[in-house]
Amino acid sequence: MSAAPEISDITIREINEFAEIRAVEELQKEAWGLPDLDVVPLTQLVAAKEAGGVLIGAFDGEMLVGFVYGFPSFERGELAHHSHMLAVKPAYRNYDLGRRLKLAQREHVIAQGIDLISWTYDPLQSLNAHFNFGKLGVLADRYFLNFYGEDAASFLHQTGTDRLWVSWLVSSERVKERISGISYSSPSNLGPPLVQVEADDSSRRNDFAEGLAQDHAVIEIPSNIDALPRETGLRWREDTRWAFTEALKAGYFVDAFVRETRGDKRIGKYILSRKKAQDD
Ligand SMILES: CC(C)(COP(=O)(O)OP(=O)(O)OC[C@H]1O[C@@H](n2cnc3c(N)ncnc32)[C@H](O)[C@@H]1OP(=O)(O)O)[C@@H](O)C(=O)NCCC(=O)NCCS
């Protein structure tokens, strides 16, 4: 077994050298199993950087072990930043590097005078849900069906490419709290989940009207979607697609993600809140 990495020696800094940008291409293949054609290439990364994009790496000595990449964007008529990729080498995961990369990206974007960073992720991935909502404090009110088409290029996503579009309001109180380690406190008046995790990890849809009868709605997901049989995963996709789409249409937004233990298993819960007039 290889030794644990010396995390205290890892530096987070901008990526500038061509050789380092080539390493970003390689890390994309390693993290997502992408074929060459789907890798964002050096030329695109160089041009985007020069045009206001942000490319930041985590380095163990000279070796690139993680990176975050995004570019300027427009959202609802305002200048924003779209974060297209974040990856950490498998042996370096769960050492806070993903979070440190996002914090460095946040500082950089704030210095550009921008308040909003957006990105997309697969809402069935509980690690990413916890990372995005629990550790960073994003919120979401847009759900895309097969955002990148029906073919999943990455080995991480075998149930189509539905995505939740998340908004990281980098200067908001919500974000300042989450990044300083203050957790979301769950409201007490939660309705029955729109979709729930069954004892065998399959999904069950519940009554729509009951699920949306309170100010907060709940959508549960299993702790590791990739460990389930493909048929079960596809059913999870259909059921959560239904729940997110209908709840967002009914005026809720995705406010938080919390994890809890039920019996001998861990489950994840999205908590949606009804939008108030000033949230629009
Ligand atoms: C997502 C990713 C960048 C996170 O990087 P990282 O350096 O491991 O991130 P951190 O160490 O800062 O935080 C990871 C958190 O996820 C938690 N986690 C790990 N496995 C988990 C799982 N199966 N379910 C839920 N949470 C999990 C960790 O416990 C940690 O949370 P904690 O600090 O509250 O304990 C990394 O996993 C990765 O490269 N994944 C593949 C590419 C990808 O999914 N990119 C992001 C798309 S949005």
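Which residues have the most contacts inside the largest nonpolar core? In this predicted model, they are F67, I219 and A247.

**Figure 1. The largest nonpolar core.** This core has 49 residues. Domain 1 (7–179) and domain 2 (195–279) each contribute at least three residues to this core. In soluble globular proteins, nonpolar side chains tend to be buried together.

**Figure 2. Surroundings of I219, one of the residues with the most contacts inside the core.** Leaving aside residues up to four places away in sequence, I219 touches P193, L194 and V195, together with T240, A243, F244, Y270 and L272.

**Figure 3. The shell around the ligand.** The ligand is surrounded by 20 residues, and the closest are R93, G98, R99, Y121 and L127. By class, the shell has 9 nonpolar, 7 polar and 4 charged residues. At least two residues of the shell come from each of β4 (78–88), α3 (97–111) and α4 (126–136). The most is given by α4, with 6 residues.

**Figure 4. Helix α4 and its end.** Besides giving the most to the shell around the ligand, α4 has buried residues, namely S126, A129, N132, F133 and L136. An α-helix has 3.6 residues a turn, so residues three or four places apart point the same way. Just after α4, G137 takes a positive phi of about 85°.

**Figure 5. D96 in the loop between β4 and α3.** Phi of D96 is near 80°, a positive value in a residue other than glycine. Is D96 buried or partly exposed? With 14 other C-beta atoms within 10 Å, D96 is partly exposed, because a buried residue needs 20 or more and an exposed one has 12 or fewer.

**Figure 6. D201 in the loop between β8 (195–197) and β9 (203–205).** Although D201 is not a glycine, its phi is positive, at about 75°. D201 is partly exposed, and 17 other C-beta atoms lie within 10 Å.

**Figure 7. The whole chain, for context.** The protein chain has 7 helices and 12 strands. Its radius of gyration is 19 Å, close to the 19 Å that the globule rule gives for 280 residues, so the chain is as compact as a globular protein of that length. Taken along the principal axes, the C-alpha atoms fill a box of roughly 55 × 45 × 35 Å. Of the 280 residues, 31% are buried. Among contacts with a separation of 6 or more, 65% are between residues 24 or more positions apart.

Terms used
Residues are numbered from 1 along each chain as its sequence is written. This is a predicted model: local features need pLDDT of at least 70, side-chain atom pairs count only at pLDDT 80 or more; totals for chains, interfaces and linings use all residues. A residue is near a molecule or strand if its C-beta atom, placed from the backbone, lies within 6 Å of it. Helices (H or I, at least four residues) and strands (E, at least two) are DSSP runs, numbered from the N terminus. Ala, Val, Leu, Ile, Met, Phe, Trp, Tyr, Cys and Pro count as nonpolar, Asp, Glu, Lys and Arg as charged, and the others, Gly among them, as polar. A nonpolar core is a set of buried Ala, Val, Leu, Ile, Met, Phe, Trp, Tyr and Cys residues joined through C-beta atoms within 7 Å. Domain bounds come from an automatic or database domain assignment. Two residues are in contact if their C-beta atoms, placed from the backbone, lie within 7 Å. The radius of gyration is taken over C-alpha atoms; the globule rule is 2.2 Å times the number of residues to the power 0.38.
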